[in-house]
Amino acid sequence: MTKVEKVLLLLKNMVYESTSPQETLKFAKYYRSKGLNVLVILWGPMGVLLAKKDKTRGSPKYDASVQECIEMGVEFRCCQLASDMIGLKKEELIPGIEFICSKDVAELFLTYREENQLIINF
């Protein structure tokens, strides 16, 4: 049996009307605290909103939780295609979050599956 060393968390649901962002961040912190490498992909027009810094609405405030995850070593990638669709620019991202193209996300699915690593979709 392959030992899980990497976790890929995918967030696509609405940020302000769902528990998915909170669950994603809690899972990211938990798995990272277990020593696992954690990569969070924010995708779809609603999922990428979590990457936007200085969000002016919504509760709880997510920026601090995202920053805490980044400081713990959790990596965040924001879908370029979805960001382009809603007009989200690189300078609007929370520092530490990078863009990723759809092809690279598709490749990650294959890699994680071939390595029997954990993939969770929120």
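A: A residue is buried under 20% relative accessible area, exposed over 50% and partly exposed in between (1.4 Å probe, protein chains only). By this rule Glu 114 is exposed, because its relative accessibility is 66%. Glu 114 belongs to helix H5, where helices (H or I, at least four residues) and strands (E, at least two) are DSSP runs numbered from the N terminus. In sequence Glu 114 and Lys 34 are 80 residues apart, and their C-alpha atoms are 22 Å apart in space.

Q: What kind of model is this, and how are its residues numbered?

A: The model is predicted, so local features need pLDDT of at least 70 and side-chain atom pairs count only at pLDDT 80 or more, whereas totals for chains, interfaces and linings use all residues. Residues are numbered from 1 along each chain as its sequence is written, and side-chain values use heavy atoms, with hydrogens and water left out.

Q: Which residues of helix H3 are buried, and where do they lie around the helix axis?

A: One looks down the axis and takes the arc of the directions from the axis to the C-beta atoms. In H3, which spans residues 63-72, Asp 63, Val 66, Cys 69 and Ile 70 are buried. They fall within an arc of 125 degrees, so they line one face of the helix. Ala 64 and Glu 71, on the other side of H3, are exposed.

Q: What does the buried face of H3 pack against?

A: Contact means heavy atoms within 4.5 Å. The buried residues of H3 pack against helix H1 (20-33), strand E3 (75-79) and strand E4 (97-100).

Q: How is the arrangement of H1 and H3 described?

A: Axes are lines fitted to C-alpha atoms, for helices over the stretch in contact, and angles run from 0 to 180 degrees between N-to-C directions. The axes of H1 and H3 come within 10 Å and cross at roughly 20 degrees. That makes the two helices roughly parallel, a term for angles under 35 degrees. From H1 the contact involves Leu 25, Ala 28, Lys 29, Arg 32 and Ser 33, and from H3 it involves Ser 65, Val 66, Glu 68, Cys 69 and Met 72.

Q: Is Met 72 buried, exposed or partly exposed, and which residues does it touch?

A: Met 72 lies in H3 and counts as partly exposed because its relative accessibility is 31%. Neighbours within four places in sequence aside, Met 72 is in contact with Lys 29, Arg 32 and Ser 33. Its C-alpha atom is 18 Å from that of Leu 93, a residue 21 places away in sequence.

Q: Where does Ile 94 lie, and is Ile 94 buried or exposed?

A: Ile 94 is in the loop between helix H4 (80-86) and E4. At 3% relative accessibility, Ile 94 counts as buried. Apart from neighbours within four places in sequence, its contacts include Asp 63, Val 66, Gln 67 and Ile 70. Ala 64 is 30 residues from Ile 94 along the chain, and their C-alpha atoms are separated by 9.8 Å.

Definitions and conventions: Parallel < 35°, antiparallel > 145°, perpendicular 65-115°, else oblique.
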